[in-house]
Amino acid sequence: MDTRNTPPVNDQTVCINTTIGDLIEAITDIALQAGKTEEEGYKLASFTIEKLLRDKRRKEMMEA
């Protein structure tokens, strides 16, 4: 899916208090269900977690 031409998402965010371990577990569970194989599921989880961290870091750098 090409998201480059879609309008930006509302800037309002919802904060959920959780641990990083619980977040990784939830992402991994969803990715394993979405992947065709276990290996693909773990790759999806890895890409998702990397993107979350990269986007967070980029936002922090822009605010500084």
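Visitor: Is Thr 28 buried or exposed in this predicted model?

Guide: The model is a predicted one. Thr 28 has a relative accessibility of 15%, and residues under 20% are classed as buried. Thr 28 therefore counts as buried.

Visitor: Which residues does Thr 28 touch, not counting residues up to four places away in sequence?

Guide: Thr 28 belongs to helix H1. With residues up to four places away in sequence set aside, its contacts are Tyr 42 and Ala 45.

Visitor: Is Ala 34 buried or exposed?

Guide: Ala 34 is likewise found in helix H1. Its relative accessible area is 56%, and the exposed class begins over 50%. Ala 34 is therefore exposed.

Visitor: How many Å separate Ala 34 and Ala 45, C-alpha to C-alpha?

Guide: Along the sequence, Ala 34 and Ala 45 are 11 residues apart. In space, their C-alpha to C-alpha separation is 9.8 Å.

Visitor: What is the handedness of the crossing where H1 passes H2, and how do the contact residues divide?

Guide: On the H1 side, the residues in contact include Ile 24, Ile 27 and Leu 32, and on the H2 side they include Leu 44, Ile 49 and Leu 52. The residues of this contact comprise 10 nonpolar, three polar and one charged. H1 passes H2 in a crossing that is right-handed.

Visitor: What percentage of the residues in the chain is buried?

Guide: The chain contains two helices and zero strands. Of the 64 residues, the buried share is 9%.

Note on methods. Residues are numbered from 1 along each chain as its sequence is written. This is a predicted model: local features need pLDDT of at least 70, side-chain atom pairs count only at pLDDT 80 or more; totals for chains, interfaces and linings use all residues. Side-chain values use heavy atoms; hydrogens and water are left out. A crossing is left-handed if the near helix is turned anticlockwise from the far one by less than a right angle, and right-handed if clockwise. Helices (H or I, at least four residues) and strands (E, at least two) are DSSP runs, numbered from the N terminus. Contact means heavy atoms within 4.5 Å. Ala, Val, Leu, Ile, Met, Phe, Trp, Tyr, Cys and Pro count as nonpolar, Asp, Glu, Lys and Arg as charged, and the others, Gly among them, as polar. Buried means under 20% relative accessible area, exposed over 50%, partly exposed in between (1.4 Å probe, protein chains only).
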